[in-house]
Amino acid sequence: AGQYNDDTAQSSCTNCASGQYQSSTGTTACSACPAGYYCPTGAPGISYCAVGTYSAASASLCTSCSTGTYQDSTAESSCITCPAGQYQSSTGSTGCTACPAGYYCVAGSSTYTGCAVGKYSAASASSCTSCAAGRYASTTALSSCTACASGQYQPATGSSSCSACPAGYYCPSGSSSYKTCGTGTYSSASAGSCTSCPAGQYNDDTAQSSCTNCASGQYQSSTGTTACSACPAGYYC
């Protein structure tokens with residue numbers, strides 16, 4: 001076994017070539033090693049490829065699976081591509097690893113890639129997700145986005161920062177747009193809420209950055225009002 005003779009009057013037999021085998025005695029030829037197995041020179045039989053390796057037909061040895069692939073069975077003719085959301089940075093592997101949060105892995109990845117600014121990902125992601133309106137991601141490789149702070153807003157998705165709320169408007173935390181201050185109130189820029197006009201002032205319009213003083217001869221003792229009252233007879237204002 002492991003040898004052959006295809007001629008007459010020979011003083012010895014010939015070893016089967018690398019990638020071939022012969023399990024019988026008294027033969028005139030050797031057979032090709034099947035895929036998933038290996039046959040060194042003079043092989044009397046076939047040997048299966050171990051997990052993490054593979055072979056084509058007529059192989060003298062098995063080949064380790066490349067990065068981004070794996071093989072968890074023996075006697076295989078090829079390796080399996082890591083699925084999307086997983087990666088494998090080593091050769092000769094029997095499985096793949098889940099992509100960490102903040103990164104993404106396309107099918108066949110040999111490493112993980114960080115999400116760009118304005119995006120995020122959970123673990124095992126095949127792609128990154130844009131931050132929703134009202135949120136942002138200012139650095140790479142984040143597992144979540146941050147809500148815009150009070151006094152800021154962001155109407156777009158996939159943003160890396162938020163914008164200051166304009167005067168006359170207010171923006172609670174996580175705002176995707178600015179909201180109008182009503183009559184009787186006002187705000188300066190970057191406000192998280194509107195402020196009532198103080199006594200002695202009023203506002204009869206919306207979206208104002210300040211209140212108006214009551215005119216001479218008028219007064220207002222309440223806050224958050226839209227008008228002033230005439231000074232009564234016997235008093236001055």
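Start with Ser109, which touches Gly68, Gln86, Tyr87 and Gln88 once residues up to four places away in sequence are left out; contact here means heavy atoms within 4.5 Å. This is a predicted model, so local features need pLDDT of at least 70 and side-chain atom pairs count only at pLDDT 80 or more, while totals for chains, interfaces and linings use all residues. Residues are numbered from 1 along each chain as its sequence is written, and side-chain values use heavy atoms, with hydrogens and water left out.

You'll find Ser109 in the loop between strand 13 (103-104) and strand 14 (113-114). Strands are DSSP runs of E with at least two residues, numbered from the N terminus, and helices are runs of H or I with at least four. Is Ser109 buried or exposed? With a relative accessibility of 9%, Ser109 counts as buried. That label means under 20% relative accessible area, exposed means over 50%, and partly exposed is what falls in between (1.4 Å probe, protein chains only). A polar atom of the Ser109 side chain also sits 2.6 Å from the backbone oxygen of Val106.

Next up is Ser124, in the loop between strand 15 (119-120) and strand 16 (129-130). Ser124 isn't a glycine, yet its phi is positive, near 65°. Its relative accessibility is 44%, so Ser124 counts as partly exposed.

Ala207 also has a positive phi, about 55°, although it is not a glycine. Look for Ala207 in the loop between strand 25 (201-202) and strand 26 (212-213). Ala207 is partly exposed, at a relative accessible area of 23%.

**Rings that pair up**

Now for the aromatics. A pair of aromatic rings is described by the distance of the centres and the angle of the planes. Rings of Phe, Tyr and Trp (its six-membered ring) pair if their centres lie within 6.5 Å; planes under 30 degrees apart count as stacked, over 60 as edge-to-face and the rest as tilted. How many aromatic pairs does this rule give? The count comes to four.

One of them is Tyr153 with Tyr178: the ring centres are 5.0 Å apart and the planes stand at 90°, so this pair is edge-to-face. Tyr153 belongs to strand 19 (residues 152-153), while Tyr178 is in the loop between strand 21 (169-170) and strand 22 (179-180), so the pair ties together parts that are 25 residues apart in sequence. Tyr153 is buried at 15% relative accessible area, whereas Tyr178 is partly exposed at 37%.

Tyr178 has another partner, Tyr169. Their ring centres are 4.8 Å apart with planes at 65°, so the pair of Tyr169 and Tyr178 is edge-to-face. Tyr169 counts as partly exposed, with 23% relative accessibility.

Elsewhere, Tyr87, Tyr103 and Tyr112 are linked into a cluster by ring pairs. Tyr87 has come up already, as one of the residues that Ser109 touches.

| Disulfide | S to S distance | Torsion about the S-S bond | Hand |
|---|---|---|---|
| Cys65 and Cys79 | 2.0 Å | -85° | left-handed |
| Cys131 and Cys145 | 2.0 Å | about -80° | left-handed |
| Cys165 and Cys171 | 2.0 Å | 80° | right-handed |

The link of Cys65 and Cys79 is left-handed, with -85° about the S-S bond. That pair links distant parts of the chain: Cys65 is in the loop between strand 8 (63-64) and strand 9 (69-70), and Cys79 is in the loop between strand 9 and strand 10 (80-81), 14 residues apart. Cys65 counts as buried, at 0% relative accessibility.

For Cys131 and Cys145, the torsion of about -80° makes the disulfide left-handed. This pair links distant parts of the chain as well: Cys131 is in the loop between strand 16 and strand 17 (135-136), Cys145 in the loop between strand 17 and strand 18 (146-147), 14 residues apart. Cys131 and Cys145 are both buried.

The disulfide of Cys165 and Cys171 is right-handed, with 80° about the S-S bond. Cys165 is buried with a relative accessible area of 1%, and Cys171 is buried with 0%.

And what about Cys13? Cys13 is in no disulfide, and the nearest cysteine sulfur, that of Cys30, is 9.9 Å away. Cys13 is partly exposed, with a relative accessible area of 43%.

Methods:
A polar contact is a pair of N or O atoms within 3.5 Å; within protein, one must be able to donate a hydrogen and the other to accept it, and residues adjacent in sequence count only if both atoms are side-chain atoms. A disulfide is a pair of cysteine sulfur atoms within 2.5 Å.
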